[in-house]
Amino acid sequence: MTLLLEQYQALFNDTEYATNDPISILANSSAFIMEMVPDLNWAGFYLWDQQRQQLAVGPFQGKVACSLIASGSGVCGTAFDQQATQRIGDVHAFAGHIACDSATNAELVIPFAIAGQPAGVLDLDSPRLQRFSAADQAVLEELTGLIAAKLAPTS
Ligand code: SME
């Protein structure tokens with residue numbers, strides 16, 4: 001799986017894909033994840049909306065998803081509220097899980113910060129129960145760190 005990190009770096013350091021635009025970075029990152037990580041039915045970002053004080057759906061690949069999630073709600077809001085990855089083998093056993101796509105059975109949600117401020121989560125859904133291993137979590141947390149670093153102001 002570290003191949004995934006190398007491929008991400010190679011692709012996104014290519015001048016063709018080099019950009020500071022957060023929407024471009026997140027859109028291409030979600031497409032990259034959806035293509036490279038097997039057995040996903042949804043991959044994308046929820047971003048903290050300072051004004052609404054909720055997570056708002058950002059760039060993603062997959063079915064239409066709920067637009068706003070309160071901090072502490074569902075798997076995404078829990079990951080954001082606790083600033084801790086949620087690796088859920090069976091979402092039906094997670095009290096408060098928000099079902100956006102009925103095909104989803106497992107979920108991995110990884111919070112990220114920009115310049116030290118909690119900024120959002122990466123949300124990955126899979127139709128396969130117990131889809132995400134601890135090793136998957138480690139690599140995908142590293143990938144999330146690479147993506148978040150690209151969003152950080154450089155000056
Ligand atoms: N299942 C998530 C909601 C987002 S969708 O999966 C895209 C949750 O419980 O927070």
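Modeller: Let me begin with helix H1 of this predicted model, whose 12 residues should span 16 Å at 1.5 Å a residue, and whose end C-alpha atoms are 17 Å apart, which agrees. The buried residues of H1, which runs over residues 2–13, are Leu-4, Leu-5, Tyr-8 and Phe-12. These four cover an arc of only 100 degrees around the axis, which puts them on the same side of H1. An α-helix has 3.6 residues a turn, so residues three or four places apart point the same way. On the face turned away from that buried side, H1 carries the exposed residues Thr-2, Leu-3, Glu-6, Ala-10 and Asn-13. The cover over the buried residues of H1 includes helices H2 and H4, and H2 is the one to follow next.

Helix H2 takes in residues 22–36, and its 15 residues should span 21 Å at 1.5 Å a residue, which agrees with the 21 Å between its end C-alpha atoms. At the start of H2, a side-chain oxygen of Asp-21 reaches to within 3.0 Å of the backbone nitrogen of Ile-23. The buried residues here are Ile-25, Leu-26, Ser-29, Ser-30, Phe-32 and Ile-33. They cover an arc of only 160 degrees around the axis, which puts them on the same side of H2, whereas Ile-23 and Glu-35 are exposed on the other side. The buried residues of H2 pack against H1, strands E1, E2 and E6, and helix H4, and this leads from the helices to the sheet.

The sheet is an open one of six strands, in the order E3-E2-E1-E6-E5-E4, with antiparallel pairing. Strands E3 (68–69) and E4 (86–88) stand at its edges with a single partner strand each, so one side of each is left without a neighbour in the sheet. Strand E6, which is one of the elements that the buried residues of H2 pack against, has eight of its 10 residues buried, so this strand, residues 117–126, is largely enclosed by the rest of the structure. Strand E1, residues 42–49, is joined to E6 by six bridges and runs antiparallel to it; in this pairing Tyr-46 stands opposite Val-121 in E6. Strand E5, residues 106–114, pairs with E6 over nine bridges, again in the antiparallel sense, and Ile-114 stands opposite Gln-117 in E6. The hairpin of E5 and E6 has two residues between the strands, and there Ala-115 takes a positive phi near 50 degrees.

Helix H4, which the buried residues of H2 also pack against, covers residues 134–151 and includes Thr-144. With a relative accessibility of 2%, Thr-144 counts as buried, because the cut-off for buried is under 20%. The side chain of Thr-144 reaches the backbone oxygen of Leu-140 at 2.7 Å. Leaving out residues up to four places away in sequence, Thr-144 touches Ile-110, Pro-111, Phe-112 and Leu-122.

With residues up to four places away in sequence not counted, Thr-85 touches Leu-108, Val-109, Ile-110, Pro-111, Gln-137 and Glu-141.

Another loop, between E3 and helix H3 (74–82), holds Ala-70, which has a relative accessible area of 30% and is therefore partly exposed. Ala-70 touches Gln-54 and Gly-77, not counting residues up to four places away in sequence. Between Ala-70 and Gly-116 there are 21 Å in space, C-alpha to C-alpha, and the two are 46 residues apart in sequence.

As for annotation, the unreviewed UniProt entry lists residues 39–149 as "domain: GAF". That span is 23% helix and 37% strand, and its end C-alpha atoms lie 26 Å apart.

Conventions: Residues numbered from 1 in each chain as written. Predicted model: local features only at pLDDT ≥ 70, side-chain atom pairs only at ≥ 80, totals over all residues. Heavy atoms only, no water. Buried < 20%, exposed > 50% of the residue type's maximum accessible area, 1.4 Å probe, protein only. Pairing = 2+ DSSP bridges. Polar contact = N/O pair within 3.5 Å; in protein donor to acceptor, adjacent residues only side chain to side chain. Contact = heavy atoms within 4.5 Å. UniProt positions renumbered as here; feature names shortened; annotations may be inferred. Expected span 1.5 Å × (residues − 1). Arc of directions from axis to C-beta.
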